[in-house]
Amino acid sequence: MTILVIAEHNNRELASATLNTLTAAQKIGSDIHVLVAGHECQGVAAAVAKISGVSQVLLSESPSYAQTLAEHLASLVARLGPDYSHILAPATTTGKNYLPRVAALLDVEQLSEVVEILAADTFKRPIYAGNALATVQTCAPIKVLSIRPTAFAPAAYGDHSAPIQNLAPEATPALSRVVAETQSSSDRPDLGSARIVISGGRGLQNSDSFQLLYQLADKLGAAVGASRAAVDAGYVSNDLQVGQTGKIVAPDLYIAVGISGAIQHVAGMKDSKIIVAINKDEEAPIFQVADYGLVGDLFELLPELERAL
Amino acid sequence: MKIMVAVKRVVDYNIKVRVRADQSDVDLSNAKMALNPFCEIALEEAIRLKEKGQASEVIAVSVGPSQAQEQLRTALAMGADRAILLETEAALSSLNVAKLLKALVDREQPQLIITGKQAIDTDNNQTGQMLAALAGYAQGTFASSLELQGEEVLVMREVDGGSQQVALQLPAIVTADLRLNEPRYASLPNIMKAKKKPLEVLQPEALGVALTSNLRVLRVEAPTERPPGIRVDSVAALVDKLKHEARVI
Ligand SMILES: Cc1cc2nc3c(=O)[nH]c(=O)nc-3n(C[C@H](O)[C@H](O)[C@H](O)COP(=O)(O)OP(=O)(O)OC[C@H]3O[C@@H](n4cnc5c(N)ncnc54)[C@H](O)[C@@H]3O)c2cc1C
Ligand SMILES: Nc1ncnc2c1ncn2[C@@H]1O[C@H](COP(=O)(O)O)[C@@H](O)[C@H]1O
């Protein structure tokens, strides 16, 4: 039983979700290979080799892997697949893009957003926006799993260095190409792994008011998130959306400001350790999941909170 | 150019589902059912392309029980030209659905296939990508905009940390994200007209696809409830709690 984990990276740095995925892999078995596919990404492979639990790094470099296009990456992983009992990738937008393609090429089903490993063939995953948890057993010869990063602690770096083996890239017809890419740059912590997250909703009324959240976030070293309504209204960019169909977060502290608490939003944050809700409507459903609720006008409370910190 | 849109019948998104006491599944008896929101968006996009004169026909297809005809009628009322139901009572995996859709793609030869990014019941987020693999087509997932340009379709994708624009060679598969468009409501005259539009019902067996599954759901349980919280009456009280009780700041 050998497990293949697909590393996520931007050719320079390893994405932290890979570390959480490695912890999930360690709960399944101990022979773990990690594929680093990219362009000029030896540095990433060298870093991966030092993560504890990794027994082998597979490095495959090609310009066609520079931007994680699903068509290229999936055919490489599918070529390697038959040597493995399990294939794991983080349930990030990158993993969600190529992993089902891998599963279909291997003619096996995939389990998405696994949050608990019960046995090498039995897993728990949320369904219906997290309103239910399904325990699923699979007898697939290759078990393809996307791992919800927030459900597993990050694997640590050790003092060993696993061997790095070079792999020839897979020649795949170029069916698609990247035309443009925009990365929203921010000095704030990453939403997916921040210890504190402050999210704003429609209650903020405009993008200027998000400044109040940013100021507070800077004071707390927090990441900023948003509800879909805030994103739809154009207050912030879409990659800040927390929820069933946005990012899943589970920080130590989640502060929801001017967010009503729709099922779809709660699905993305209800595993946070401590939840604070600030809302002027005392009946707002967000208070049902909040550890501490503060009823009142956010435009008065936020400046006050900033001063109090 | 033909566009095929895959639409799924799911529980209405406003409903908070409950788990059955015997933990066999969620309880959907008498629950309001609807078109999966992402499928509505996929369909809307196809209809707009037809209205712009860029598509000749929009076909809505669904895999599901006989009652999924209701959702297909809604699709027809929104503006699809015809509909196909692959009728089955079985709860199929995304791979099985993708295989059935692939058989229809072979038969209909659409140039563009649009699916939702995710069905809000299983939350799988798999079918479009799997269909792309089986058909050997390019894929543009989590689309927030889509534009046909010659032999390609330009897709803006919503990704972690920003967005990515890809150009896909046609035929291609696109999966719709929430911001692709705002779906229309079907008007009463269009609902009446939809009753006369063709809706073909096929048995999956007729497509020669073997529907086996490696998955077995052992149990479905409710998530652990969070313990009830408290109300604080001032910012000072909140900060005190966060510092001294929760110890998170
Ligand atoms: C398929 C699908 C997927 C979805 N996925 C997501 C998702 O991933 N994430 C997500 O967030 N949503 C998602 N949604 C949308 C979700 O259903 C809600 O519409 C959305 O979360 C509402 O956002 P909101 O709470 O900011 O807005 P609203 O529901 O409008 O709530 C605004 C809140 O602000 C409060 N408020 C207003 N003014 C003030 C003030 N001055 N001071 C204090 N409080 C104030 C109000 O009392 C109210 O509670 C999805 C919907 C669908 C159909
Ligand atoms: N039973 C089905 N019938 C038609 N389309 C489906 C079905 N299941 C999934 N799809 C399509 O695939 C998308 C993603 O579903 P999923 O991969 O199950 O999350 C949906 O939004 C639909 O467009």
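# Exercises on a predicted two-chain model

Of the 19 residues around ligand 2, those that come nearest are Ala6(B), Val63(B), Ala119(B), Gln126(B) and Thr127(B). Keep in mind that this is a predicted model. Each exercise below has a worked solution.

## Exercise 1: The surroundings of ligand 2

**Task.** Find which backbone atoms lie close to N or O atoms of ligand 2. Then describe the cover and the shell around ligand 2.

**Solution.** 

Step 1. Start with the nitrogen atoms of the ligand. One nitrogen of ligand 2 lies 2.7 Å from a backbone N or O atom of Val63(B). For Val7(B), a polar backbone atom is 3.5 Å from a nitrogen atom of ligand 2.

Step 2. Turn to oxygen. A polar backbone atom of Gly116(B) is 2.9 Å from an oxygen atom of ligand 2.

Step 3. Look at the cover. On its own, ligand 2 has 480 Å² of accessible area, and the protein covers 98% of it.

Step 4. In chain B, β6 (57-64), α3 (94-108) and β8 (112-116) each give two or more residues to the shell around ligand 2. The largest share comes from β6(B), with 3 residues.

Step 5. Sort the shell by class. It holds 7 nonpolar, 11 polar and 1 charged residues.

## Exercise 2: The surroundings of ligand 1

**Task.** Which chains surround ligand 1, and which residues are the closest?

**Solution.** 

Step 1. Count the neighbours. Ligand 1 is surrounded by 29 residues. The closest are Arg202(A), Ser227(A), Val242(A), Ser260(A) and Asn279(A).

Step 2. Check the chains. The residues around ligand 1 come from chains A and B, so the site is shared between chains.

Step 3. List some close polar pairs. Ser260(A) has a polar side-chain atom 2.7 Å from an oxygen atom of ligand 1. Arg228(A) has a backbone N or O atom 2.9 Å from an oxygen atom of ligand 1. Leu298(A) has a polar backbone atom 2.9 Å from a nitrogen atom of ligand 1.

Step 4. Look at the cover. Ligand 1 exposes 990 Å² when taken alone, and the protein buries 86% of that.

Step 5. Name the elements. Two or more shell residues come from each of α6 (228-232), α7 (263-266) and α8 (298-308) of chain A, and from α1 (37-51) of chain B.

Step 6. Sort by class. The shell around ligand 1 has 10 nonpolar, 14 polar and 5 charged residues.

## Exercise 3: The interface

**Task.** Describe the interface of chain A and chain B by contacts, buried area and polar pairs.

**Solution.** 

Step 1. Count contacts. On chain A, 87 residues are in contact with 80 residues of chain B.

Step 2. Give the area. The size of an interface is often given as the accessible area lost when the parts come together. Here the two chains bury about 6900 Å² between them. Carbon and sulfur atoms carry 52% of it.

Step 3. Find the main contributors. Of the area that chain A buries against chain B, 12% is supplied by Glu109(A), Tyr128(A) and Tyr292(A), more than any other three residues.

Step 4. Count the charged and polar links. There are 6 salt bridges between chain A and chain B. One of them joins Arg226(B) and Asp291(A), with the closest N and O atoms 2.7 Å apart. Across the interface, 49 residue pairs are in polar contact.

Key: Residues numbered from 1 in each chain as written. Chains lettered and ligands numbered in written order. Predicted model: local features only at pLDDT ≥ 70, side-chain atom pairs only at ≥ 80, totals over all residues. Heavy atoms only, no water. Near = heavy atom within 4 Å. Polar contact = N/O pair within 3.5 Å; in protein donor to acceptor, adjacent residues only side chain to side chain. Areas by Shrake-Rupley, 256 points an atom, 1.4 Å probe, with all protein chains shown as cover. Helix = DSSP H or I, 4+ residues; strand = E, 2+ residues; numbered from the N terminus. Nonpolar A, V, L, I, M, F, W, Y, C, P; charged D, E, K, R; others polar. Contact = heavy atoms within 4.5 Å. Buried area = accessible area lost by both parts, 1.4 Å probe. Salt bridge = Lys/Arg side-chain N within 4 Å of Asp/Glu carboxyl O.
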